[in-house]
Amino acid sequence: MTRRLIAIRWSFLGVTALLLLLLQSQLLGRISIWGVCPVIVPCIAAVAAMREPPRHGAIFALVLGMVADTLFTAPLVCFYVVVCVAATGLSVLVARHLIMPGIRCAVVCCLIALLLSGLISVVLMLHKGAPADTALGLMVRETIVSLPFALLLIYPAFTYFNRITDPR
């Protein structure tokens, strides 16, 4: 790929991610189902990592996490950086060694990203003295509510993005 095509591809990837972050902040953050709001930020990094080279996916996840940490409140400093980079690493492993990139891979990668995010939140809640059943219940509800939104919003956006920017 030429430098020009790489620049165009990354510009489209950045704009797509920013639109999804805007959707998270303006729409999904205002929806409450079973007492939780859908969270798609970790899934953005996970789905993007499915088709990108590992180094590019990690850089994208790092930048996405930093932007998300400045836009959203989180239970920990650099929460989204940690979650996005870890989700990217796991997604790369899944996409390269277990499941071919596609909708099934996206489901698994999103589920991993949401569970990773939830587990970190559970550990922080337990550290603050919350009951284990409450913390785990919140993680399960958030995962169940977030997964359909992530798959319906992120996978089609990145599939379309890959179709228009992949020279093959």
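In the predicted model, residues 24 or more positions apart account for 72% of those contacts in the protein chain that have a separation of 6 or more. The chain contains 6 helices and 0 strands, and its elements follow the order α-α-α-α-α-α from the N terminus on. The radius of gyration is 16 Å, close to the 15 Å that the globule rule gives for 168 residues, so the chain is as compact as a globular protein of that length. Along the principal axes, the C-alpha trace spans about 55 × 35 × 25 Å. Of the 168 residues, 40% count as buried.

Helix H1 illustrates how the length of a helix can be checked against its geometry. The buried residues of H1 are Arg9, Leu13, Thr16, Ala17, Leu20, Leu21 and Gln24. An α-helix has 3.6 residues a turn, so residues three or four places apart point the same way.

Val122 is found in helix H5. Its relative accessible area is 6%, and because burial requires a value under 20%, Val122 is classed as buried. When neighbours within four places in sequence are left aside, Val122 is in contact with Ala135, Leu136 and Met139. Between Val122 and Leu138, which are 16 residues apart in sequence, the C-alpha to C-alpha distance is 8.3 Å. Val63, by comparison, has its place in helix H3, which comprises residues 54-71. The relative accessibility of Val63 is 41%, a value that lies between the limits of 20% and 50%, and this residue therefore counts as partly exposed. The C-alpha atom of Val63 is separated by 9.8 Å from that of Ala45, a residue 18 positions away along the chain.

Empty space within the model was considered next. Rolling a probe the size of a water molecule over the atoms shows where such space is left. The largest pocket holds about 380 Å³ of space. Its lining is made up of 20 residues, and those that lie nearest the centre of the pocket are Val39, Pro75, Tyr80, Ser121 and Glu142. Helices H4 (79-97), H5 (103-127) and H6 (132-165) each supply at least two residues of this lining. The largest share comes from H5, with 6 residues. In terms of residue class, the lining of the largest pocket divides into 13 nonpolar, 5 polar and 2 charged residues.

The volume of the largest cavity is about 50 Å³. It is lined by Arg9, Val47, Ala48, Arg51, Glu52, Phe158, Phe161 and Asn162. Helix H2 (41-51) and helix H6 are the elements that give two or more residues to this lining. Of the residues lining the largest cavity, 4 are nonpolar, 1 is polar and 3 are charged. Arg9, which belongs to this lining, is also one of the buried residues of H1. Helix H6 is likewise named for both spaces, as it supplies at least two residues to the lining of the largest pocket and two or more to that of the largest cavity.

Notes:
Residues are numbered from 1 along each chain as its sequence is written. This is a predicted model: local features need pLDDT of at least 70, side-chain atom pairs count only at pLDDT 80 or more; totals for chains, interfaces and linings use all residues. Side-chain values use heavy atoms; hydrogens and water are left out. On a 1 Å grid over the protein atoms alone, a cavity is a set of points where a 1.4 Å probe fits but cannot get out, and a pocket is an open set with protein on both sides within 12 Å along at least five of seven lines; lining residues have an atom within 4 Å of a point. Grid points are joined across faces, edges and corners, and a volume is the space filled by probe spheres set on the points. Helices (H or I, at least four residues) and strands (E, at least two) are DSSP runs, numbered from the N terminus. Ala, Val, Leu, Ile, Met, Phe, Trp, Tyr, Cys and Pro count as nonpolar, Asp, Glu, Lys and Arg as charged, and the others, Gly among them, as polar. Buried means under 20% relative accessible area, exposed over 50%, partly exposed in between (1.4 Å probe, protein chains only). The radius of gyration is taken over C-alpha atoms; the globule rule is 2.2 Å times the number of residues to the power 0.38. Contact means heavy atoms within 4.5 Å.
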